[in-house]
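Good morning, and thank you for coming.

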Amino acid sequence: MEVWPGRLPPAPVDLHAACRDADGLLCLLTDRVDAALLEAAPRLRAVSVFAVGVDNVDLAAATARGIQVGHTPGVLTETTADLAFGLLLTTARRIGESERDVRSGRWPAWSPGAYLGEEVHGATLGIVGLGRIGSAVARRAAGFGMEVIHTNRSGGLPLEQLLERSDFVSLHVPLTAETRGLIGEAELGRMKPTAVLVNTARGELVDTDALVAALRHGPIAAAGLDVTDPEPLPPDHPLLAADNVVITPHIGSASRRTRELMADMAVDNLLAALRGERMPHLANPEVADRLTGN
Ligand code: NAP
Ligand code: GLV
């Protein structure tokens, strides 16, 4: 077993070199497992991703090579939903901005018109992608007396209607060719001027330039982001200059217990495939069907 020793992810050239003779790879969402890497790793038969999202892996190329790709669904659902709801509350009630003011001595006195935000109770929450995490966010919203609407490929409202009706929009779809840039200038333009966008899925779902413009001049009120494009944001990025955005460093699943469970799951996936068995949590089941002749 070889472990990457760096604090930062390996550069592609280092990842390629490390995988040259590898049978299996346990990787992070920051590691790009593309066709070029697979080509540079002729022995590879297992890729285990320490995340539920597998957008860093070229699934089609892995499947074509018969490589099982594993991921960690379910164990991080509630933890990520907690963070999404935390961002919703933080942005709606301007907690980040007002906390910064208290800390820096910019809060002169209580005032009836200061730090007015949006009400969460009774508001409408639009969930884009009512899967595991989207449903867990919906359960939290019910406890806050919110009305929940959703859009999925398999049901719910058309996205346009959801955007027009929602006070809060929370994104929970995977990043795919279909969802990249799902929320751009036109979609932001459909949202209410008081609306809040929450993204704990993937930064690339949202057109960053359009979001910066929408936060500066309207049409939306605020955004809560656990994921951005690019990630991390450079220190001079315009999103960091906006007061009406709260940004966390991709910590959706970052509780001690959840990360332990993800680690166990990722190792179980890897070992199963190296034994020639089906990974318990497989993102490309076509490969295992081929193994078993189904
Ligand atoms: P999931 O259970 O597979 O749910 C995804 C949902 O998206 C499904 O309901 C799916 O329904 C819907 N969907 C897929 N493509 C769509 C499209 N083109 N248009 C509309 N709906 C679509 O996944 P999950 O476990 O909830 O995770 C969701 C994502 O969250 C992950 O892929 C990952 O990127 C992100 N995530 C981030 C963090 C973090 O740290 N911030 C942590 C965990 C997960 P249909 O198939 O019916 O369309
Ligand atoms: C985190 O972003 C994950 O996909 O698990």
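A backbone N or O atom of Gly131 lies 3.1 Å from an oxygen atom of ligand 1. That is a polar contact, meaning a pair of N or O atoms within 3.5 Å; within protein, one must be able to donate a hydrogen and the other to accept it, and residues adjacent in sequence count only if both atoms are side-chain atoms.

Some conventions before I continue. This is a predicted model, in which local features need pLDDT of at least 70 and side-chain atom pairs count only at pLDDT 80 or more, while totals for chains, interfaces and linings use all residues. Residues are numbered from 1 along each chain as its sequence is written, chains are lettered from A and ligands numbered from 1 in the order in which they are written, and side-chain values use heavy atoms, with hydrogens and water left out.

Let me stay with ligand 1. The backbone of Ile133 also supplies an N or O atom, at 2.8 Å from an oxygen atom of ligand 1. From Glu178, a polar side-chain atom lies 3.4 Å from a nitrogen atom of the ligand. Taken alone, ligand 1 exposes 920 Å², of which the protein buries 86%; accessible areas come from the Shrake-Rupley method with a 1.4 Å probe, and for residues only the protein chains shown count as cover. There are 24 residues around ligand 1, and those that come nearest are Ile133, Arg153, Ser154, Thr200 and Asp226. To be near, a residue must have a heavy atom within 4 Å of the molecule or strand. The shell divides into seven nonpolar, 12 polar and five charged residues. In this division Ala, Val, Leu, Ile, Met, Phe, Trp, Tyr, Cys and Pro count as nonpolar, Asp, Glu, Lys and Arg as charged, and the others, Gly among them, as polar.

Which residues are around ligand 2? They are Leu29, Ala51, Val52, Gly53, Leu76, Arg202 and His250. By class, the shell of ligand 2 has four nonpolar residues, two polar and one charged. Oxygen atoms of ligand 2 take part in polar contacts with a backbone N or O atom of Val52 at 2.8 Å, with a polar backbone atom of Gly53 at 2.9 Å, and with an N or O atom in the side chain of Arg202 at 2.8 Å. Ligand 2 exposes 200 Å² when taken alone, and the protein buries 86% of that.

I turn to the domains. Domain 1 comprises 12-74 + 255-292 and domain 2 comprises 77-247, with bounds from an automatic or database domain assignment. Their C-alpha centres lie 31 Å apart. Eight residues of domain 1 are in contact (heavy atoms within 4.5 Å) with five residues of domain 2.

Finally, the two residues. Asp167 lies in the loop between helix H7 (159-165) and strand E7 (168-171); helices (H or I, at least four residues) and strands (E, at least two) are DSSP runs, numbered from the N terminus. Buried or exposed, where does Asp167 fall? Its relative accessible area is 19%, so Asp167 is buried, the class under 20%, with exposed over 50% and partly exposed in between (1.4 Å probe, protein chains only). A polar atom of the Asp167 side chain lies 2.7 Å from the backbone nitrogen of Thr124, and a polar contact of 3.0 Å joins the side chains of Asp167 and Lys192.

Val137, in helix H6 (residues 132-143), counts as buried because its relative accessibility is 1%. Leaving aside neighbours within four places in sequence, its contacts are Ala81, Ala84, Phe85, Leu125, Ile127 and His172.
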